Amino acid sequence: MIKHPAWSGRLLGVLAAGLALVLPWQPAQAQHDIRGITGPSFNLYTYPANIPLPEGTSLYMWLFGDALGGANATHPEGVGYALPQYPGPTLVVDEGDEVTITVTNYGIPHPVSLLVTGHEVTALGGSEGVFTRQAGLYETVTYSFTAEQPGTYVYHSAGAPNPGLHVEMGLLGVLIVRPDDFDTSRTAYGAGTETDYDQEFLYLLTEVDPDIHFEMERGHYTHFTNADRFAKIWFVNGRVFPDLFEDDYSPIYPFQPYSALAKAHPRDRVLVRNVNPGQDSHPFHYHGENLTYIARDGRMLSSDGTTANLGRSDNTINSPPKQAIDAIWTWTGKDLGWDIYGHDTEHTCKDDDNDGWADDDADYPGEWCADHGKPFPVSLPGPGELAFGAWYSGSPFLGDAGDLPPGEGGLNPFAGYFFVWHSHAEKELTTFDIFPGGTLSAVVVLPPDVDIE
Amino acid sequence: MNSDFKKRALPAGVLAVLLGGSGAASAVVNVQCPGDLNGDADWDDVVDGVAEVRPADNIKCMHLIAGDSFAVMSDGNPLYTFGFKDITGTPPEEAIADGILASEWPGSLIELDEGDEFYLSLTNVGTVIRPDLFDPHTVHWHGFPNAATVFDGVPEVSIAINMGATLTYYYKVMEPGDYMYHCHVEATEHMEMGMLANLYVHPRQDATGCTGSIPCPVATRKGGTDPAAPTGYVYNDDDGTTAWDVEKAIQISSFDSRFHDASLFVQPLPFALLDADYPMLNGRGYPDTVVEGALPAPVDSEDGKVTGTAGTELTNGKPTQVEDAVVELAQGERLLLRLNNVSVDRFYTLTAQGLTMQVVGTGARHARGVDGKNIYRETASVNFGGGETKDILIDTDGVAPGTYFLYATELHQLSNRTELDGGMITEIVIN
């Protein structure tokens, strides 16, 4: 069995093939936050753009962009990013902020607007629209509200002459309100609510009917009847498989900055913000382990306001349009019945505090010691009898890159465990009639010694 | 005429199996089951004078084939399917021959107990009706907690088994509840084609009872003799609130006949336009849902859609739809509905008109909050999409005897394509 030294070779192979996964992981960091821009003041614009699809075509969209060019980006790679984007910029504010969002319409032929779920929004400027004030071409509207409660919310445009059109065309995004004690306590809903987390990822679900986009691109603005809408492409974070594995702000996808590959270590608490700003419901299924719900639409599922004691457990989130679910996913590797690091690799399971888990200074921190040293329970068929996935490491063991036939595997440089996270309406694993595509995203559980940015 | 179809199909299938896959020359049906000496996944045999010994009661084995077959919709329309079938007890050298044209819709039930060590061998017998295909297959135990990728059955991130060969999955079963299993290879196609089945796990509490503040007796399915003992529990509730007397696993599914016919006649598959026209419960539309036990072995339709001749036998003569969806119980008994939805293209809402549903679990987990309190929910309907499972208890204490209906509240789904009064309806008969 080949251990860690094989990574570098595999890694070079990945780079050479132009299929870089998520590189580089910076050392000395262990936590991932959702990418976006911070408030409390935002200056957005709207403009059309064509996003690329993996089968070689492109799709005409109406999009939000950050007029400040990422000046307030949450992460360095977002600084300077000013393009219209799908989804719109993820807006990150603090509880109690007086938020203002200025929207200027630089190129959408219909008046655009901004609705924010769960908030009482005041609008100034532009003209009166169906639900709120709207910005016609070269007009500006300022929307302001107080972010009173932490949580996950949807924002989107909607208005005359066709309220269903704007979300279809891509004018949507997510607002995240962090609790006011976030600087001292990394939680979703505040210290003491037991909503602590290690990793945070956005799973934003949308779908489109490309026929509508073709009509809009040709300027046939009235050639669209809501009743005829029939989605044929399904997105996570604005991308489809396999594009969604590519890193945040990848230049390959200039108008789709957000990755949908989650990363975690064994036993990490992963906060998943499962949001559907689209028009259709999606049953989004998480492999590897169940999630525990903590909130819906920015309100903790709680009978006493203290902890999320009404949150149930599930492996599939029933996601109707505009719903936001916050849930915690944790994969531990406990009780597999065999040593996940391989019983014949040289390592010990040091557990001086006798909690059952390997200590932080052990060979593999967080290893479930009861399974340590147990042999793999079956023998696997030979390579000629198996078909291998591109994200399979070649070994059943975590962190162990096994031998694979030439041309197989190669997209799992750190020999993690990939678990797919996808819509279980399996039709939604296609991109415009092509399988695999659509919502086939994933989490990768990485060996404890691999850092997560 | 009946045998002509098989005569043509079988050699093609054998040929496909022999030629398929890069490693076909070494391919072998290799069933791994501790204590089993002859590869048939049971412990009933004496091999070379040595009796097989099951190592422990919690060791369980099963041998599944993955292949193709037909299922007949309630309006008589035969649809080409892919699927699974349990062939435990079949000698390995006969597994492929027996597995050809034998897959079931839905696949064979897997029923386990918490604490089991389950060795599941999957043999890919190929798709005899489509010898141009050489698809691998997998078992994905949907919802398995703390899964390892190697046994998660997702081909993009793991391994899948080629035609003519066997992959043995190992599961240490830790969490009771309602799951499902399905093939994850080319998931949209293989699942629409029918590689879907019921799977559930009984809790340890069945054998132990509970001794908490509200004690509960050992369940009768594990030898309990207390007059108040239920047949079983859904979860380790420690308060007896998930006790049930009669259980029924029902899989909510749907087929788009255009997709199946496109597959049968080797046409491009309509992924984007997928739009089911046969809503089903356990692989049947009403009124077949209330036919107890197996439906007759599939034969060709009146217009001879498959073979050109009406009534032609389409499989090896064995039934392929063996699970019914009808429920019968006595007044006062508690009914457990183990519902799992595998629809690939839409949501469904089920109601049991006149009966109160209590949701005691979702996603194979007990509905209990982080503070230890039960968060059960009484409801008249459950809405769910593909991948969701619901544990529903229906208490018939004081309920008037009679026939109640379990059906989709999307009433336009109560049809078998153009035939009305069909689709997603079944009966709960209370005596």
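This is a predicted model: local features need pLDDT of at least 70, side-chain atom pairs count only at pLDDT 80 or more; totals for chains, interfaces and linings use all residues.
**Stop 1**

Next, pick out strand S12 (residues 151–156) and strand S13 (residues 172–178) of chain A. These two run antiparallel and are joined by 6 bridges.

**Stop 2: a helix with a buried face**

Move on to helix H3 (residues 210–217) of chain A. Which residues here are buried? Among them are A:Ile212, A:His213 and A:Met216. Turn the view until you look down the axis of H3(A): its buried residues fall within an arc of 100 degrees, so they line one face of the helix. What do they pack against? Show strand S3 (58–66), helix H2 (165–169) and strand S14 (199–208) of chain A, and you have the packing partners. Before leaving, select A:Gly219, which follows H3(A) and has a positive phi, near 80 degrees.

**Stop 3: where the chains meet**

Now show chains A and B together. Here 59 residues of chain A are in contact with 61 residues of chain B. Several strands of chain A supply at least two residues each to the side that touches chain B, including strand S18 (282–286) and strand S22 (316–319). Strand S25(A) gives the most, with 4 residues. Colour this side of chain A by class and you will find 27 nonpolar, 21 polar and 11 charged residues.

Strand pairing also crosses between the chains. Select S24(A) and strand S8 (residues 159–161) of chain B, which pair in the antiparallel sense over 3 bridges. Within this pair, A:Leu386 stands opposite B:Ile161.

**Stop 4: a valine in chain B**

Finally, zoom in on B:Val29, in the loop between helix H1 (2–19) and strand S1 (46–47) of chain B. Is B:Val29 buried or exposed? B:Val29 counts as buried because 22 other C-beta atoms lie within 10 Å, where 20 or more are needed. Leaving aside residues up to four places away in sequence, B:Val29 touches B:Pro92, B:Ala95, B:Ile96, B:Thr123 and B:Thr166.

Technical notes:
Residues are numbered from 1 along each chain as its sequence is written. Chains are lettered from A and ligands numbered from 1 in the order in which they are written. Two strands pair if DSSP finds at least two bridges between them. Two residues are in contact if their C-beta atoms, placed from the backbone, lie within 7 Å. Ala, Val, Leu, Ile, Met, Phe, Trp, Tyr, Cys and Pro count as nonpolar, Asp, Glu, Lys and Arg as charged, and the others, Gly among them, as polar. A residue is buried if 20 or more other C-beta atoms lie within 10 Å of its own, exposed if 12 or fewer, and partly exposed in between; C-beta atoms are placed from the backbone. The arc is that of the directions from the helix axis to the C-beta atoms.
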